[in-house]
Amino acid sequence: MSFASVLVLNGPNLNLLGTREPAIYGSETLDDIAKLCGDAAERLNLSIDFCQSNAEHQLIDWLHAARTKVDGIVINPAAYTHTSVAIADALSAIEKPVIEVHISNVHRREAFRHHSYVSAAADGVIVGCGTQGYVLALERMAAILEHRAAK
Ligand code: CA2
């Protein structure tokens, strides 16, 4: 049986999760989130590739490679959410479903976090649900991909 494949992409500084700012991001590490996603993927019959980079060009290169390799993308672009037209353009160039995730409720935080360049290129956005947001994103992705396969 071949599983639908999903790239789970994480942007800058998310490798520091669990080391600082627990009031905003909780105490789980990125490895904990990778495990959470791995367990959800198994349950949902998805195959996932979980990656993080602090470099904008690396995230864009992975997105370009994903154009022909994966069925969907879950992305937490971190601070690039609020600055990167380049990541938004790379996502727009991919004709695959995209779900944007933020651990914190960015709308309750500083004004500069209220705008996302990425959201216009996303099919869905999950904000402020903590690390569970990644699981919700994978559940939504599985539903979208199942619906497409049934067509
Ligand atoms: O809430 C989210 O998931 C964010 O994407 C996280 C980004 C932030 O820039 C976005 O506005 C919202 C920050 C990720 C960095 O997280 C750190 C965790 C611990 C210590 C330092 C940074």
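Trainee: In this predicted model, how far is an oxygen atom of the ligand from an N or O atom in the side chain of H82?

Mentor: H82 belongs to the 16 residues around the ligand, and is listed with N76, I103, S104 and R113 among those that come nearest. A pair of N or O atoms counts as a polar contact within 3.5 Å, and the separation between the ligand oxygen and the side-chain atom of H82 is 2.7 Å.

Trainee: Is strand β4 largely enclosed by the rest of the structure or largely exposed?

Mentor: V98, E100 and H102 point one way from β4, whereas I99 and V101 point the other way, and all of them are buried. Since 5 of the 5 residues of β4, which spans residues 98-102, are buried, the rest of the structure leaves this strand largely enclosed.

Trainee: Which residue of β5 stands opposite I99?

Mentor: β4 also pairs with strand β5, residues 124-127, in the parallel sense, here over 4 bridges. In that pairing, the residue of β5 found opposite I99 is G124.

Trainee: How many disulfides does the structure hold?

Mentor: The closest cysteine sulfur to that of C51 is in C37, and at 11 Å it is too far for a bond; C51 itself is buried, with a relative accessible area of 13%. For C129, which is partly exposed at 33% relative accessible area, the closest cysteine sulfur is again in C37, and the separation of 14 Å is too far for a bond. A disulfide requires two cysteine sulfur atoms within 2.5 Å, and the number of disulfides held by the structure is 0.

Trainee: Which residue has a side chain joined to that of N10 by a polar contact?

Mentor: N10 has its place in strand β1, residues 4-10, and its relative accessible area is 0%, which means that N10 is buried. The side chain of N10 makes a polar contact of 2.6 Å, and the partner side chain is that of Y134.

Trainee: How far apart in space are T83 and A143, C-alpha to C-alpha?

Mentor: T83 lies in the loop between β3 and α4, and with a relative accessible area of 54% it is exposed. T83 and A143 are 60 residues apart in sequence, and their C-alpha separation in space is 30 Å.

Trainee: What phi does N45 have?

Mentor: Most residues other than glycine have a negative phi. N13, in the loop between β1 and α1, has a positive phi of about 75 degrees although it is not a glycine. N45, in the loop between α2 and β2, counts as partly exposed at 38% relative accessibility. Although N45 is not a glycine, its phi is positive, at about 60 degrees.

How values were computed: Residues numbered from 1 in each chain as written. Predicted model: local features only at pLDDT ≥ 70, side-chain atom pairs only at ≥ 80, totals over all residues. Heavy atoms only, no water. Buried < 20%, exposed > 50% of the residue type's maximum accessible area, 1.4 Å probe, protein only. Helix = DSSP H or I, 4+ residues; strand = E, 2+ residues; numbered from the N terminus. Pairing = 2+ DSSP bridges. Near = heavy atom within 4 Å. Polar contact = N/O pair within 3.5 Å; in protein donor to acceptor, adjacent residues only side chain to side chain.
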